[in-house]
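Open the model in your viewer and keep the selection panel at hand. Each stop below says what to pick and what is there.

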Amino acid sequence: MSAAAATAAPTVPGRSLRHRLAERGIDRTLWLVVPATLFILALFVYPFLYGLQLSFTPQEGGGALANYREFFTDPYLRGMIWKTLRLGLPAAVLNVVVSVPIAYAMRGRFRGKRTITTLLVVPIALGTVLTAQGLLMYAGPTGWLNQVLMNLHLVDEPVALIHNYVGVFLSLVITGFPFAFLLTLSYISGIDPSLERAAATLGAGAWQRFSKVTLPLLMPGLTMTFILSFVLAFSVFPSAQLVGDPTGSTRVISIAAYEAAFQQFDYSMGSTIAMIMAAVMLVVIGLVLAWRSMFYRGATGGKG
Amino acid sequence: MSDQHFAELRLDRVGHSYGKHQALADLSLTIRGTEFIALLGPSGCGKSTALNCLAGLLPLTSGTIHLDDRRIDTLQPEERGFGMVFQNYALFPHLTVRKNIGFGLKMRKVPRTELEKRVDEAIATVQLAEHQHKMPGQLSGGQQQRVAIARAIALQPPLVLMDEPLSNLDAKLRLEMRTEIRRLHQDLGLTTVYVTHDQEEALSLADRLVVMRDGVMQQCGTPPAVYESPANAYVAGFMGYRNLLELAAVSADADGVRVDGPDLSLTGANRDGIKGGSVVAAIRPEDFRVGDDGDNAFDVTVEVAEYHGRELAVEGATSTGRKIYFRTPERVGPGDKVRIGVRKDRVLVFAAATEPVPAPDLDGVVV
């Protein structure tokens with residue numbers, strides 16, 4: 001930061017200007033942000049703005065808002081928001097809620113921790129398509145699971161676990177959980193373990209140590225984990241298509257946007273749906289962040 | 001203030017091992033009510049293990065702990081009701097100072113009015129009234145440590161455990177807090193077990209101190225007893241006997257033991273009933289007298305002289321290069337040859353330890 005000031009010309013005015021700029025963090029190292037800025041402009045800001053203006057220029061005319069009007073007046077289209085939320089929100093909540101006790105139990109150091117973590121993380125590496133493939137084979141009408149259930153006479157006919165809501169939900173949990181778990185584990189590891197020890201010497205039992213010390217310190221991290229899990233689940237596309245019911249109960253927003261743009265070649269409508277999708281996500285994130293602002297958000301005393 | 005005085009806390013052959021490593025072995029110690037005990041030793045000597053065993057944060061692998069007639073080593077930490085002060089303070093960062101201090105009372109479901117009263121008392125004791133509504137992150141290290149102490153004593157615990165509470169503070173603050181802890185102990189009479197690696201801290205605070213090494217208690221006694229009559233060369237090294245000279249005993253009689261080396265020869269007090277063999281002669285730097293030409297003197301060449309105000313701290317070498325540390329008001333400089341002597345009763349001669357004597361921690365040497 002002081003490099004610019006130190007190598008500045010000895011003339012007093014030039015030096016003082018550089019010095020003052022350097023004090024505000026403006027010096028030559030700032031050039032380092034240029035590549036990233038260009039990258040973001042080219043690959044995010046420009047496509048976003050282009051899509052935004054595209055959504056206001058409907059192919060069939062009818063004014064700038066025609067597409068939005070069509071979306072919100074058509075109950076079928078409008079219903080997709082609810083269908084997507086109905087998948088994304090519970091999946092994100094479940095992933096976070098299940099991560100907490102497992103991460104809490106694994107917060108200390110113990111033999112085999114790395115192995116367990118690796119096993120839990122494998123589904124991320126597999127990707128959604130492979131997970132969907134596995135689900136189709138394992139949970140399908142003639143898959144192992146249903147065959148076992150039928151042979152044990154627990155059910156009379158195959159349980160419908162794929163090509164419906166349940167299939168997509170399972171897929172979201174399988175791929176979303178490792179992600180939520182890893183984040184939660186790193187947040188929990190960042191909490192100073194001596195805080196719980198202190199709480200114990202002050203008379204707090206196991207549950208009180210968790211609820212009064214660990215959980216409040218974990219809350220900001222958990223909301224962040226929830227937001228990221230939700231965004232991942234909300235933009236579900238492959239699993240909704242592969243193990244879902246893409247024309248019915250799991251016709252999520254991303255499928256509609258895809259169909260509008262690449263099957264009906266109505267790029268404008270596709271952009272409109274994508275913009276609405278972004279807006280819904282932002283609303284949910286905004287609500288969660290507002291809720292988070294009620295908690296303590298400072299240091300948690302650990303090394304994380 | 002404490003209404004939970006007890007007669008004695010009895011540790012009986014307490015041990016803890018991590019796998020094969022014996023961190024604490026057979027510690028037997030009886031702590032009387034209101035006593036201030038310091039556990040002293042370098043890192044890894046088992047002093048913190050002992051404290052954690054007392055707190056219940058580490059299970060014992062052998063031995064028992066009794067508080068009067070009640071066996072407590074089987075209780076969970078939250079059932080023991082001891083206050084503990086941690087080295088890194090361990091304040092709850094999401095709670096205000098006041099709520100931190102009241103945490104233990106709240107866990108004990110103390111009624112609200114009583115809780116407020118006792119929190120006020122604890123805050124007043126550590127003089128933090130103006131900071132009571134701040135978050136711990138807004139306080140300085142010294143203030144945070146006061147909060148940690150207030151939190152530990154707000155419960156009026158029968159026993160307060162302190163794990164190197166001053167080691168994260170700077171030198172000036174450390175002295176202030178040390179006096180503060182001494183004052184708190186005098187005012188409240190809370191039985192305290194205090195872990196430190198700083199012998200000065202231990203000597204100035206404790207009623208009795210316990211010197212540890214490799215999980216084994218080396219000596220237990222009052223500060224004067226340990227300071228003036230260390231039980232072995234290791235404790236001596238820890239108590240400011242910076243010169244630990246490895247020599248051979250040549251004769252022993254009622255007068256003392258004559259010890260010899262190629263470069264020097266001394267008579268000293270026989271501490272281990274030595275008849276002959278390898279010995280360690282322990283001498284404090286301040287016990288040497290420059291220019292003393294009695295029969296207990298030898299020649300050294302000054303190598304380094306540090307100015308310490310009224311006197312110089314000198315590192316010298318004998319003819320064989322053996323390092324000798326002494327202090328003198330004389331103005332000597334590097335290269336000077338001086339003759340230094342020491343009183344016979346100020347040379348403590350111990351049988352040589354089977355293991356090498358570790359170098360004492362120099363920043364805390366008592367001078």
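**Stop 1: the A–B interface**

Select the contacts between the chains: 20 residues of chain A are in contact with 19 residues of chain B; contact means C-beta atoms, placed from the backbone, within 7 Å. This is a predicted model, in which local features need pLDDT of at least 70, side-chain atom pairs count only at pLDDT 80 or more, and totals for chains, interfaces and linings use all residues. Residues are numbered from 1 along each chain as its sequence is written, and chains are lettered from A and ligands numbered from 1 in the order in which they are written.

Now colour α9 (193-201) and α10 (206-234) of chain A, the elements that give two or more residues to the side touching chain B. Helices (H or I, at least four residues) and strands (E, at least two) are DSSP runs, numbered from the N terminus. The largest share of that side, six residues, comes from α9(A).

**Stop 2: chain B overall**

Select chain B. Its C-alpha trace spans about 75 × 45 × 35 Å along the principal axes. Nine helices and 20 strands make up its element list. Colour by domain: domain 1 is 8-228 and domain 2 is 242-355, with bounds from an automatic or database domain assignment. Their C-alpha centres lie 39 Å apart.

Of the 367 residues in chain B, 44% are buried; buried means 20 or more other C-beta atoms within 10 Å of the residue's own, with C-beta atoms placed from the backbone.

**Stop 3: the nonpolar core**

Next, show the largest nonpolar core, which has 158 residues. Such a core is a set of buried Ala, Val, Leu, Ile, Met, Phe, Trp, Tyr and Cys residues joined through C-beta atoms within 7 Å. Among the members that touch the most others are A:Ile273, B:Leu39 and B:Ala281. Helix α8 (residues 165-189) of chain A gives the largest share, 11 residues. Both domains of chain B contribute, so the core lies between them.

Zoom in on B:Ala281. Beyond its neighbours within four places in sequence, its contacts include B:Leu245, B:Val259 and B:Val349.

**Stop 4: a five-strand sheet**

Finally, select the open antiparallel sheet of chain B, in the order β15-β19-β16-β17-β18. Strands pair if DSSP finds at least two bridges between them. Which strands are at the edges? They are β15 (288-290) and β18 (323-328), each pairing on one side only.

Stay on β15(B): three antiparallel bridges join it to β19 (residues 337-342) of chain B.

Notes
A residue is buried if 20 or more other C-beta atoms lie within 10 Å of its own, exposed if 12 or fewer, and partly exposed in between; C-beta atoms are placed from the backbone. Two residues are in contact if their C-beta atoms, placed from the backbone, lie within 7 Å.
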